[in-house]
Amino acid sequence: MPSSCKTNCGKRAVLKRPKTGDALCKDCFFWAFETEIHHTVTNGKLFKRGDLVAVAASGGKDSTVLAYVLKLLNEKYDYGLKLVLLSIDEGITGYRDDSLETVKQNRDDYEMPLKVLSYEDLYGWTMDAIVQQIGKKNNCTFCGVFRRQALDRGAAMLNVDVLATGHNADDLAETVIMNVLRGDIARLQRCTAIKTESEGSIPRVKPLKYTYEKEIVMYAYFKRLVYFSTECIYAPNAYRGHARAFLKDLEKIRPSAIIDIIHSGEQLTLKDNVQIPKRGVCIQCGFVSSQKICKACVLLEGLNKGLPKLGIGKTSKARRHLNNVYNVDI
């Protein structure tokens, strides 16, 4: 027998929320989904009236839903924001070139300006060329580092006030697990932050921080949003994939595990005598770094000098090389 919507609105339930287990009709699900993101935005004080906000757009479900919902909430609650799309072309044939067509569709559908930056223009390398040098084992290290900095570069070019990314609750929980397993204290302390900024950098915010991935998919499906769903061809060997598989197994047993892990990460504190690197700016490129020379510059130096593994693994060799190149004590 069909169940009724838990809100007693009189309509038939069409889905069961993964986050709460509530049976809801489409309209009540839309309201709950959007209202929770609105509360995340307002409680976290993510934006100020008049802010120019760049939405990091990949064409995937997260960034597509983020762009759609931010536009909707901006109009519904009168945030007073100006929204633009910022997309990064990593240079992955058969993947990013296709997904960028989806981003252009989002641009037209949501009537937002779009800025596209490529690795080739910024660094002189595409991911296809990098994989030819390094292979598929460590390529995600290059892509992750370059992409983070490329978004910073794009945000600076657009002169925006805030950069909004589509990181969802599952992403944050996976990152907490990965940083625990790697013993990465510096990243563990800041990975659950809903807003991150350093001196001289443009703040990044995560409006989807408490939003489950499954609910994002449901929302996109019922709203009939256009998004690109193919996985990156270089991603299957990524370390994050193992954390994701572990998290999905936990979620089957305990759906609240995702939020529980995020809250655990938020509560973790360091002893007073533990020193973590302070975030400053790279002396080479001027963008955010916790070292004198940022990871992006180290990786790029290795690629350009025919030493693609320079920034991978042990740092002693990289430090000696950089000391000679830049004549500074790294």
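## Sheet, helices and cores in a predicted model

Strands β3 and β4 are paired in the parallel sense over five bridges. Within this pair, Val 53 has Leu 83 of β4 as its bridge partner. Strands here are DSSP runs of E of at least two residues, helices are runs of H or I of at least four residues, and both are numbered from the N terminus. Two strands count as paired if DSSP finds at least two bridges between them.

The model is predicted: local features need pLDDT of at least 70, side-chain atom pairs count only at pLDDT 80 or more, and totals for chains, interfaces and linings use all residues. Residues are numbered from 1 along each chain as its sequence is written, and side-chain values use heavy atoms, with hydrogens and water left out.

**The sheet**

β3 and β4 belong to an open sheet of six strands with mixed pairing, in the order β5-β4-β3-β6-β8-β7. The edge positions are taken by β5 (114-118) and β7 (195-196); each has a single partner strand, so one side of each lacks a neighbour in the sheet. Strand β3 is largely enclosed by the rest of the structure, because four of its five residues are buried. Buried means under 20% relative accessible area, exposed means over 50%, and partly exposed lies in between (1.4 Å probe, protein chains only).

Strands β6 (residues 162-164) and β8 (residues 204-205) run parallel and are joined by two bridges. Leu 163 has Arg 204 in β8 as its bridge partner. Helix α6 (residues 139-158) packs on the sheet, where it touches β3, β4, β5, β6 and β8. Helix α2 (residues 61-76) lies across β3, β4 and β6. Contact means heavy atoms within 4.5 Å.

| Helix | Strand | Angle |
|---|---|---|
| α2 (61-76) | β3 (52-56) | about 155° |
| α6 (139-158) | β4 | about 140° |

Axes are lines fitted to C-alpha atoms, for helices over the stretch in contact, and angles run from 0 to 180 degrees between N-to-C directions.

**Helices α1 and α2**

Helix α1 (residues 26-43) packs with α2 at an angle of about 80°, and their axes are 11 Å apart. The two are therefore roughly perpendicular, a term for angles of 65 to 115 degrees. From α1, Phe 33, Glu 34, Ile 37 and His 38 meet Val 65, Val 69, Leu 72 and Leu 73 of α2.

Thr 40 is also part of α1. It counts as buried, at 11% relative accessibility. Beyond its neighbours within four places in sequence, Thr 40 is in contact with Leu 46, Ile 194, Lys 206, Pro 207 and Tyr 210.

**The cores**

A nonpolar core is a set of buried Ala, Val, Leu, Ile, Met, Phe, Trp, Tyr and Cys residues joined through side-chain atoms within 4.5 Å. The largest has 40 residues, of which Phe 33, Phe 47, Val 65, Val 69 and Tyr 219 touch the most other members. Its largest share, eight residues, comes from α2. Leaving aside neighbours within four places in sequence, Val 69 is in contact with Phe 33, Ile 37 and Tyr 219. Another core, of 39 residues, lies apart from the largest one and includes Tyr 95, Leu 117, Cys 282 and Ile 293.

**Helix α11**

In helix α11 (residues 257-267), Ala 257, Ile 258, Ile 259, Ile 261, Ile 262 and Gly 265 are buried. The buried residues of α11 pack against α7 (169-182) and α10 (239-253). Val 180 is in α7 and counts as partly exposed, at 49% relative accessibility. Val 180 and Gly 265 are 85 residues apart in sequence and 9.4 Å apart in space, C-alpha to C-alpha.

Notes:
Parallel < 35°, antiparallel > 145°, perpendicular 65-115°, else oblique.
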